[in-house]
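Reader: Could you walk me through the aromatic rings in this model? I'd like to look at it alongside you.

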Amino acid sequence: MFILKNEIQFDLAHYLSGYNGKCANIHGHRYKLVVKVASETLHEQGQLRGMVDDFSNIKSILKEVENYFDHKLIIEDNEDGRKVGEVLSGFDILYFPHRTTAEEMSRFIYHMIKQKGINVYEVELYETPTNSCIYTEVDNK
């Protein structure tokens, strides 16, 4: 199997609604996203001959992910989040359909990339330099 790897970084603020601890307060992270794209075979013809995919194609899609999240306040799209958003009007707020954990965000990003036609194998989202979540849909049975 061939696996390509690419990464980006972005800054994002969030808080955990309904959490009892420091993360209940708005805070930020410098996220690092590592994406792996896999294929059993290489293209046999055309511009992509001998490749899994073009690195520039993957990079372009990761730039869209970066632009989606970078320098925003991400809030869970629930009643509490809407109230916070009203108080913080004027800021670039991203209402997220899930709790803003590394787990939910990594799964969301995986599907975001997959919908762009990339054969994403694995997404690893670092919330800090030493804490990350890996999401994949590869069957490890």
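**Rings and their partners**

Author: The structure holds seven aromatic pairs, where rings of Phe, Tyr and Trp (its six-membered ring) pair if their centres lie within 6.5 Å, with planes under 30 degrees apart stacked, over 60 edge-to-face and the rest tilted. This is a predicted model, in which local features need pLDDT of at least 70, side-chain atom pairs count only at pLDDT 80 or more, and totals for chains, interfaces and linings use all residues. Residues are numbered from 1 along each chain as its sequence is written, and side-chain values use heavy atoms, leaving out hydrogens and water.

Reader: How do the rings of tyrosine 68 and phenylalanine 69 meet?

Author: Their centres are 4.9 Å apart. The planes stand at 85°, so the pair is edge-to-face.

Reader: Is phenylalanine 69 buried or exposed?

Author: Buried means under 20% relative accessible area, exposed over 50% and partly exposed in between, using a 1.4 Å probe and protein chains only. Phenylalanine 69 has a relative accessible area of 0%, so this residue is buried.

Reader: Which residues do ring pairs link into a cluster?

Author: Tyrosine 68 and phenylalanine 69, the edge-to-face pair above, both belong to it. The whole cluster is Phe10, Tyr31, Tyr68, Phe69, Phe96 and Phe108.

Reader: Which ring does the charged end of arginine 82 sit over, and at what distance from its centre?

Author: A charge sits over a ring if NZ of Lys or CZ of Arg is within 6 Å of the ring centre and within 35 degrees of the ring normal. For arginine 82, the ring is that of tyrosine 95, and the distance to its centre is 3.7 Å.
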